[in-house]
Every structure is written in structure tokens, then in C-alpha cells.
Amino acid sequence: MSDLDFGLDTFGDVPVDDSGAQVSHARAIRQLVDEAVLADEIGIDVLAVGEHHRPEYAVSTPETVLAGIATRTRRLRLSSGVTVLSSDDPVRVFQRFATVDALSNGRAEVILGRGSFTESFPLFGYDLSDYDKLFEEKIELFVRLLDEKPVTWEGTLRAPLEAAEVFPPTESGHLPTWVGVGGSPPSVVRTARYGLPLMLAVIGGSPTRFAPYIDLYRRAAAQFGTSAHPVGMHSPGFVADTDEEAREVYWPSYRIIRDRIGALRGWPPIRRAEFEAEIEHGSLYIGAPETVARKIARAVDELGVGRFDLIYTAGAQPISARLRAVELYGTKVIPMVRDILAG
Amino acid sequence: MTAAPFTFGLNSFGEVATDAGRVLDDGETVRLLVEEARHAEAVGLDVFSVGEHYRPGHVDTAAPVLLSAIASATRRIRLGTSVTVLSTNDPVRLFHDFSTLDAVSNGRAQLVVGRASATDSFPLFGYDVSDYEELFEEKLELLMRLQREESVTWSGAFRAPLSEQRLRPRMRPGGIPTWIGVGGSPNSVVRAARYGLPLMLAVIGGRPQRFARHVDLYQRALRQAGHGARPIGQHSLGFVADTDAEAAETWWEYWKPVVAGLARERGFYPPTWDVYREEIDHGALFVGSPDTVARKIATTAHDLNLSRFDLKYDIMHLPREARARSIELLGSEVAPRVRELLTKESRHV
């Protein structure tokens, strides 16, 4: 199973220090860079950093953080997760990720998405009622830019381009680009239409619910005559030395952030029993290394995905616990998953 | 002279280098910049800045991304821009970028914002060059409010309004050092003074002393606006080599085609050796041996009341060894020599 990739994802959650005090956004960013350095040392394949515009998260510009990681790492691939393309400019996004690619000697990738939050729309002056149109138009332009040839383009939501050359080009001639999808069939079909790899956000319920999306992706790609790439999935979780410790460390900060976001989306407050059920049967990968490894192996096997990314931060967790989670994921969980799947 | 130590910066426009005659590709040049910034730090220079250009042969389209990578590869050197084209950027994105850079670098971020002499970014990002002045004015106002206020409610003509917006990551209180880069427009000088922001003079042709009237205007405008003194810096092109002859001959080879290209584009006379010599001897080119360049910087610093000098050291296809030697000599010989000359002078006053 050497073609299987394992990643870590984070939204740049602001952690707490040993005294329980929330650290500054600046310190949270440096902490994230340190965790990336550790991930690189222990052979984790990829780190994906999300874009958010909310107080809980320190990262609003993933590529500037990824660049800070690039010069301190050697092997780790550097990804966004996701770049909210709808409220960004495809030209700038390309320039910035191509620069990360150069800085990292070809380790950059971008995961484009529409975002599950909507703060970026008013912030950058976009209308939420253009949600679909924005993404459709911008991904079309982005895919054109990926050819790395002069682009002539016209749309309704951005200034036209006339034989525009966009710099710097990548050395490989190809900036790896995925599309992150939360559960919308048209998004899956669109990804297949462009022949781009698909990253599924599996953040609740049984992972097998997503099997139809993977099937749809493959069928759509066959119909369009594009190539269907190995599908990736990302899900939240946390690793500690024991199952109990993992749950006890994760629950308090998770509960706060889950309820804060839930309140915006009309969800009732989460109960401990739901949390436990999500760990047992759903999409929370929480526990000792062996527990998490078994669960990942099952999901990977059932869905036939080629990449699993663990969203390892959730709210104001202690820095030391986060570092330990990264270490255990890289040194224990990943080798165990590979063993299970090979056996 | 002011008591503060004289600041030396290196400026890059992300211009592609050559190595033993081979033109580096853009990716290699990006990585060379990281190496050169480390070198600049090692030889004691104070600031490393990159520009923002959207044309072949330049790799600086994403300055804050470049600087963030440099931040992780260095410990002490400050990281800035030369310049950020504020007119065609979104101040909100700039805030995100530079507060992130300030975080990654542990407080070493700074900015020089300007209107740019090249206009490539206007059509690329859908701006009208005829709004040149208004764009800058409006965006500067927003950028400074975002840096100086915690929660911003704002509306303008060129961007969506903001309502009690708090940007993240939070920046250090008061914001990062933000300079205004000016090419020669008195309006820009007065604007910098109005905001109480330090002034970076882009002296790229003719006698630097021509800018004395701008300096005078700036200082009067600062007083009028009720601000105290602010630092004044100069950005100029130049090259340091072991001897005057070597420096002049090497730089000519690479400067000439670049200026000839600009001459075609902007409609002025192509460069001649005589004009070039004149620029070196009395004008805006800081090309020569360490002693020659140091004397010239010290003289200009005195005449313009500078506390900072930034040398733009890269030019299209200049060999990487020559770039490295120039950085080396600037840090190890020119900078100490200038400081020594300025100290001597202040003792005589």
C-alpha cells in the first residue's frame, strides 16, 4: 500500500499553553510551523492548512504559513485545505501557490473549495447568492491557469485576461490541484469534469455514506473521458497514549467549538453520548494509536481512498497534547494502518 | 544626523539570475532569493525586501509568501517590500499576509507601499490606471485603519464596505512599520507626512540631491500635521565589486539591456556609456568598489538626512556569483564604512 498517503489537516486553531491560557494568533501560527517541522521529521506525507476568517482560527492565508513551513522542511507536501476560491482571485492563488512550490522544491498543492463557512464573502465583497456561479467561474479560470500558457479569458466576476502570462511558472509544469467537496453531487461531477482529484470532507456520520460520491466521481470521469484520480478523505480526530486520555483531552475544546459553530448552523448542543457514538461508529478518529489506526484502515478499505488526512486540531487544545498527537500519528498510527492494510 | 544607527537594506525585484552563463529558471531564482536573504543576514545587513512585479524575468508576484519562507530561514534580519503595489492590492488581504508574516518571523515584518512605476498589475487585476491616485489614497486609508484599529467599519469606492470587521491573525498593537515609497510626486510626500509614516525615496535616475526639496517638503508637512520626525530612506540601484572598474563594467553589461528595454517601453533615449558614467559619478547608480559606494552613500545620506539606505542589488541575468559578492561587500565593507563616515561627520558638527 505504498501508494497510500497520510496527511494532517488544521484550520490553525488557537491552542492553550500549559497554564490553560489561549496563546496569541501569532504564537498559534508559530506553533503550527513547529508541528509541521515535526510532521516532516517523522515522515508524514502532507500537511494541509485551511483558510478561515473567524476568531478561533489563526490562519487566514494558508500559503503564507506554508511558505514559512517550506524552508524548515524537506519532504512534507504543503497543501491548503481548503483555499476558498469563490472569494479569492484565481490569478493571485496561482501566483502564490506557484511561489510556495518553488520555495519548497515542488512540494506545494492546492485544495480548492467553496468553504463551509461564509465569512469570506462579505469580507471580500462577494454575494452569497453567487455561491455556485463564483466557484464555477473561478475554477474554470484556475484550470486554464494550470496549463501555464498565456491565458485569454472573460467572465462576469473578474476582469478579463488578454494573453496574460502568470508568473512564476512551476518547474514541473503542473501545480497539483484538488477539489474539496463536502457532500454536493454537482461538485463531485464538476471535479470529474475537470479531471481533478477529489478530497472528501467526511466530518460526521459513517464514512460509508460517502461511497456513492466516490462511485459518482468515477462514473462521471469515465463519461467525461477524464482521468479519475485516487480519492482522498479528511476527517477529524486526535491521538493520545490511551483511548481515555484522547477522549478527555479532545472533548472539552471540541465541545466548545462544535457548539459555537453549531449555533450558527442551527444544530442543538452536542451531548457526550453523541460524541462517543461518533467515535465508535462515525467520523471522529479519536483514541490510542491502535484504535485510530484500526478505524482509519477500515474507512480506507471500505471507501477505497488513496489518501487519508486527519484534522488534528479542534479548538483550544493544549500545545503539548497537540504535539504528542502529531508524533503518535506519524510514528505509530500511520505504520499500523499500512500494516493492517498490507495484512 | 539622527542618533539611531543607520539602517542598510537589500532590495530585490525578483530578477532571474544566471549561473555560469545559464539563465536560472523562476523556481531556482525564488530559492536563490532565500539564500541571498540568509547571506544578507550573515553579513549583518538589517532588512531584506522584495518588490512586486508581473512580467517575465521577475519572480516576485507573491512577496509576502517569499518573505515568509525567508522568515523561517533567518533569525534577525527584518523583512519588507520594495514596494508593495497598494493600488492594485486588497488592504484586507495585505493585512492577512503581513500579520501572518509578522507571526512567522516573530515580529520582523515591515512594508513599503507605493503606487508602482510599472502598471502591469492594473489590467491583470482589473483596475483602471486612470484611478491611479484615488486608488492609492483610498487603500492607504483602509490599510492604516486596519493596522491601527481593532475593529473597522469602513466604506469606499473601490472595495466592499466593512462592518465592525476584526481581521485575523491579529497584528501587534499599532501595526507593523509601514513606509511610503515615493518616486518624485510632491503629493505622495505630503500624504506620507499626513499619515506620519516614514518616507522611502526611490532615487532611480539623476542626482539624488534633487530630492532635497522633497525631504524639506516632507519635514515641513510633518510639522504642520503635528507629527515628530520620521525616518527617511533611499532606494537606489547599485552594485559593489572589488574595484571601481570591475563594478562599472559588470553592471553595464546587465543594466544596459534592461534600461534599453525600458527606454523602448516608456519612450526615452537608450542608454549610452557616457550617461551611465554620469549616473555613477553624480547620479543615482551606486556602482563601484566598497570605498566608492560607501562615500557616495554617506554623502547622499548627509544631503538628504537619511537614516536608511536600500540597495537594489539584482538586475536581469546578473550572475549569481556577482550578486553574492555584492551582498558580501555591502554588508562587510560598505555598511561599516558608511557608519564610520557618518559618525565622524556628526563629531565635526
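Me: What kind of unit do strand 1, helix 1 and strand 2 of chain A make?
Reply: A right-handed β-α-β unit, with helix 1 spanning residues 25–41. Right-handed means that, with the strands pointing away from the viewer, the path from the first strand over the helix to the second runs clockwise. Helices (H or I, at least four residues) and strands (E, at least two) are DSSP runs, numbered from the N terminus. This is a predicted model: local features need pLDDT of at least 70, side-chain atom pairs count only at pLDDT 80 or more, and totals for chains, interfaces and linings use all residues. Residues are numbered from 1 along each chain as written, chains are lettered from A, and side-chain values use heavy atoms, leaving out hydrogens and water.

Me: And in which sense do strands 1 and 2 of chain A pair?
Reply: Parallel, over four bridges; pairing takes at least two DSSP bridges. A:L8 has A:L47 as its bridge partner.

Me: Are the residues of strand 2 in chain A buried or exposed?
Reply: All buried (under 20% relative accessible area, 1.4 Å probe, protein chains only), with A:V46 and A:A48 pointing one way and A:L47 and A:V49 the other.

Me: Switching topic, how many salt bridges between chain B and chain A?
Reply: Five, each a Lys or Arg side-chain nitrogen within 4 Å of an Asp or Glu carboxyl oxygen. One of them joins A:R92 and B:E52, closest N and O atoms 3.7 Å apart.

Me: Which helix of chain B gives the largest share of the side touching chain A?
Reply: Helix 3 of chain B, with eight residues.

How values were computed
Buried < 20%, exposed > 50% of the residue type's maximum accessible area, 1.4 Å probe, protein only.
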